[in-house]
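Subject: Handing over the structure

Dear colleague,

Here is the structure that I promised to pass on, and below it you will find my notes on what turned up. Please read them with the model open beside you.

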Amino acid sequence: MKLSQFKFKLPEAQVALEPPHKTFENEDGTVEKIYRRDECKLMVLHRKSQTIELFQKDDNGQDTDQPLLFRDIVNYFEEGDTLVLNDTKVFPARLFGTKEKTDAKIEVFLLRELNEELRLWDVLVEPARKIRIGNKLFFDEDGPMVAEVIDNTTSRGRTLRFLYDCPHDEFKQELFALGSAPVPRYIIDKREVSKDDMENFQTIFAKNEGAVTAPATGLHFSRELMKRLEIRGVDFSYITVHCGLGCFDPIEVEDLTKHKMSSEQIKVKDDACQIVNKAKENGRRVCVVGVSTLRATETAVGTDGLLKEFDGWTNKFIFPPYDFSFANTLIANFYHPESTMMMATAAFGGYELVYEAYEKAVENGFMFGCYGDAMLILDD
């Protein structure tokens, strides 16, 4: 397929800058926001019947004027079905420092630690033209955190050595204390990062640190919704996908076969395989939550269609047409035009049906992006 086939006009007002919330004004005039993870809107796509649901139904099975909400997904699952969830944990990857001598303000985006002992980190810097090998960056005016640029990796990429002499755990604690939630650029271009973002940009089941962006679809799950699913008999299989920034990289070729995805680190353990493979063998719904999780399971699936243990990296790029070997159900967000996430969703649900869903989403005021609304794709 071609890049141009994934274009559509997305109104700027329909890009979500915050999760669903209610705003209250206190007696003292201060404003308080109460966030509701599971109250985003939900659209349900049925692959075989090629139908789309947007509204809740009454007792007679007729559409009402009330939109489906994410918490309504509980009604689409039964005992023995399994959700595959990503338990990666986002760390506060965005820092701001000053360049020695010039005092220029530099954004430093931490990607991953390269060497614990030497305090080496792979980072992105902005503006990159000002940062060269040998430069020193200072963080926290009164603090001891200093980094030296020791290598250029890409046009914006650098390797930093942090000059901080203390135990590693203390170093990371001090480093992360200087950082903020790594919400996407399209959000911070419109508003400042708030103290709520570090919690909002983290799933409630986050466990294994290493992601520099959130597994966005997982953000919709509240503790209450997880409990309702558990009571219904739905199982949870947790794998780890350390989400990177590659999903935000613009595609610069019209022929999608020529695009190269950045790699993401994944870990699939035996206990996760046993849980989800049991559901698959019993003919139950195997629902993958999020596109990064979808790529990971398609990487770790065996020739028998069952999930295998895996510890490594994947740069799998999924776009239509694609023959899926593992999941039969997908939960995904609504993504930006021409994004790799939209393409993977279209590969799973079918290009025509998913494109129609995107058109309906725009028409009906659905919100797009990491904090946006969601779709459930069923194989019926």
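A residue is called buried when its relative accessible area is under 20%, exposed when it is over 50%, and partly exposed in between, with a 1.4 Å probe and protein chains only. Please keep in mind that this is a predicted model, in which local features need pLDDT of at least 70 and side-chain atom pairs count only at pLDDT 80 or more, while totals for chains, interfaces and linings use all residues. Residues are numbered from 1 along each chain as its sequence is written, and side-chain values use heavy atoms, with hydrogens and water left out.

If contact means heavy atoms within 4.5 Å, then among contacts between residues at least 6 apart in sequence, 70% join residues at least 24 apart.

Next comes the interior. A nonpolar core is a set of buried Ala, Val, Leu, Ile, Met, Phe, Trp, Tyr and Cys residues joined through side-chain atoms within 4.5 Å. The largest such core has 72 residues, of which Met-43, Leu-45, Phe-326, Tyr-358 and Met-375 touch the most other members, and helix α7 (residues 340–349) gives the most to this core, with seven residues. Apart from it lies another core, of 27 residues, among them Leu-95 and Phe-176. Leaving aside residues up to four places away in sequence, Tyr-358 touches Phe-8, Asn-333, Phe-334, Tyr-335, Met-342, Phe-368 and Met-375.

Helix α7 packs against helix α8 (residues 351–363) at an angle of about 125°, with their axes 6 Å apart; axes are lines fitted to C-alpha atoms, for helices over the stretch in contact, and angles run from 0 to 180 degrees between N-to-C directions. That makes α7 oblique to α8, because angles under 35 degrees count as roughly parallel, over 145 as roughly antiparallel, 65 to 115 as roughly perpendicular and the rest as oblique. In this pairing, Met-342, Thr-345, Ala-346 and Gly-349 of α7 meet Tyr-351, Leu-353, Val-354, Tyr-355 and Tyr-358 of α8.

Helix α6 (residues 291–300) has nine of its ten residues buried, so α6 is largely enclosed by the rest of the structure. Among the buried ones are Arg-295 and Glu-298.

Finally, a few backbone details deserve a careful look. The peptide bond from Glu-126 to Pro-127 is cis, with omega near 0°, and Pro-127 sits in the loop between β11 (120–126) and β12 (136–138). Pro-320 and Pro-321 are also joined by a cis peptide bond, with omega about -10°. Lys-101, in the loop between β9 (94–99) and β10 (105–115), has a positive phi near 75° although it is not glycine, and Lys-101 is exposed, with a relative accessible area of 79%. Glu-338, in the loop between β20 and α7, has a positive phi near 60°, and at 26% relative accessibility Glu-338 counts as partly exposed.

With best wishes

Note on methods. Helices (H or I, at least four residues) and strands (E, at least two) are DSSP runs, numbered from the N terminus.
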